[in-house]
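Have the sequence and the 3D view open side by side as you read. We will walk through the fold one region at a time.

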Amino acid sequence: MSDQTTINLLKLPDGEVGLQSVFKNDDGTSRFVLPLPTDLIENDPGIRYLVINESRGGCEYQTRRFLDAHLGPADLFIDVGAHWGLFTLTAASCHPDELTVLAIEPDPHNVARLHKSIAHNKLTEQVEVLPCAVGAKAGTANLVGGLGTMGHSLEGAAYTTDLQPPTTPPSHVVPVQTLDQILADRPALADKRVFLKVDVEGSEVDVLEGARALLASGRVAAMVIEKGKTYQADPALSAFGAMLDRVRAQGFQCFHFKGHQQPGPLLPYELSNQDCDVVCLSSRLKPLPHYE
C-alpha cells in the first residue's frame with residue numbers, strides 16, 4: 001500500500017506482516033502485534049482502515065484507552081463482535097496472564113484470524129473464542145457479508161434504505177446465543193466484574209435484550225455500545241434510545257467522547273443521529289476527568 005513508507009509493519013516468519021499496537025509496555029515495545037495478510041491490506045477496506053489508524057495515533061483509541069484505564073486483573077472483558085481481535089488483544093495484554101476475555105465472532109474466516117491473533121501473542125490461556133453471533137434469543141440466523149472482513153450483520157441489519165451494498169453480499173447460517181446463556185454456561189466466571197463491548201452492525205439492541213439477567217446482576221461495571229449508521233433514523237434510532245432508557249433505569253449513566261479518534265473527557269450522551277461509541281457506566285465506576 002502507498003502508506004507503507006510511513007507505517008511500520010513487522011515482517012513475520014510465515015510471510016505475513018505484523019501491525020504493532022499503539023499501546024506500549026513499560027519498556028516501550030508494543031503490547032501486541034496483529035498479524036495481517038499483505039494482500040488484504042491493499043484489498044480489504046476495513047483492514048486498510050485499521051492499519052492506517054493504528055499507525056497514526058490508534059484505531060478507536062479513545063474507547064480502548066477508556067478500557068485500559070479501568071480494567072482490573074480479576075475482571076472479565078466480553079468482546080461481542082471481536083473481528084480479528086483489536087479490542088480482545090488490547091484488553092488481554094493490559095493484564096497478561098490474569099484478565100479473562102470472551103471473544104465472540106460469528107464469521108468463520110474472522111474466527112480463524114482471531115485464533116491466529118491470540119496465539120501469535122501467546123494469550124490463549126486468557127481468551128476463549130466463541131464462534132457464534134449474539135442476540136435476543138438462541139437459535140440460528142443468516143450472517144450477511146459486509147465490505148471485506150468487516151461489516152457483517154445478522155439478517156443484513158447493517159443495510160438500510162440509504163446504505164446498500166454495491167453487489168449482493170454472501171450470507172450463511174450461524175448459531176446465535178444470548179449473553180445470559182453464555183455466562184450461565186460458565187459458572188466459574190460468576191464472581192467476576194464485567195466490562196462489555198458490543199459492535200455488531202445493527203444488532204446491538206438485540207444483544208442487550210439477551211443480557212437482561214447480566215445487567216440486573218450488578219456485575220457490569222461498564223459497557224461500550226457502538227451506535228453506527230444503522231441507527232441514524234427511525235425506527236432504529238428510537239429503538240436504540242429505548243434500549244439506553246432501559247440501561248439508565250438500571251443505574252447506568254451514558255457518555256461519549258467528543259470525537260471518534262479523540263480522547264479527552266467523557267461527555268453526557270443525548271440521543272442523536274451521529275455515529276459514536278456510547279459508554280455506559282455503572283454507579284460504582286467513576287470516570288477519569290480526562291483520558292489521555
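## How exposure is judged

A residue is called buried under 20% relative accessible area, exposed over 50%, and partly exposed in between, using a 1.4 Å probe and protein chains only. This is a predicted model, in which local features need pLDDT of at least 70 and side-chain atom pairs count only at pLDDT 80 or more, while totals for chains, interfaces and linings use all residues. Residues are numbered from 1 along each chain as its sequence is written, and side-chain values use heavy atoms, with hydrogens and water left out.

## Lys 116 in helix α5

Let us begin with one lysine. Lys 116 sits in helix α5, residues 108–120; helices here are DSSP runs of H or I with at least four residues, strands are runs of E with at least two, and both are numbered from the N terminus. Is Lys 116 buried, partly exposed or exposed? With a relative accessible area of 28%, Lys 116 is partly exposed.

Leaving aside residues up to four places away in sequence, Lys 116 touches Asp 14, Glu 16 and Pro 35, where contact means heavy atoms within 4.5 Å. Leu 19 is 97 residues from Lys 116 along the chain, and the C-alpha atoms of the two are separated by 13 Å.

## The sheet of 8 strands

An open sheet of 8 strands runs in the order β6-β5-β4-β11-β12-β15-β13-β14, with mixed pairing. Its edge strands are β6 (127–130) and β14, each of which pairs on one side only. Two strands count as paired if DSSP finds at least two bridges between them.

Strands β4 (residues 76–80) and β5 (residues 100–104) are parallel and share 5 bridges; Phe 77 has Val 101 in β5 as its bridge partner. Elsewhere in the sheet, β13 and β15 run antiparallel, joined by 3 bridges, and Gln 253 stands opposite Leu 281 in β15. β13 is also joined to β14 (residues 267–268), again antiparallel, by 2 bridges, with His 256 partnered by Leu 267 in β14.

## The sheet of 4 strands

A second open sheet has 4 strands in the order β7-β10-β8-β9, also with mixed pairing. Here the edge strands are β7 (133–134) and β9 (148–154), each pairing on one side only. β7 and β10 (residues 171–177) are parallel over 2 bridges, whereas β8 and β10 are antiparallel over 6 bridges.

Val 176 in β10 is a handy landmark: Ala 133 stands opposite Val 176, and Val 176 is also the bridge partner of Gly 139.

## Helix α9 and its buried side

Helix α9 covers residues 236–249, which makes 14 residues, and reaches 20 Å from first C-alpha to last, close to the 20 Å expected. The expected span is 1.5 Å times one less than the number of residues. Which residues of α9 are buried? They are Leu 237, Phe 240, Gly 241, Met 243, Leu 244 and Val 247. These residues cover an arc of only 155 degrees around the axis, so they lie on the same side of α9; the arc is that of the directions from the helix axis to the C-beta atoms. An α-helix has 3.6 residues a turn, so residues three or four places apart point the same way.

The buried residues of α9 pack against α7 (204–209), β12 (220–227), β13 (253–256) and β15 (276–281). After α9 comes Gly 251, with a positive phi near 100 degrees.

## Two loop residues with positive phi

Most residues other than glycine have a negative phi, and most peptide bonds are trans. His 83 is not a glycine, yet its phi is positive at about 55 degrees. His 83 lies in the loop between β4 and α4 (86–94) and counts as buried at 13% relative accessibility.

Glu 201 also has a positive phi, near 50 degrees. Glu 201 is in the loop between β11 and α7 and, at 25% relative accessibility, is partly exposed.
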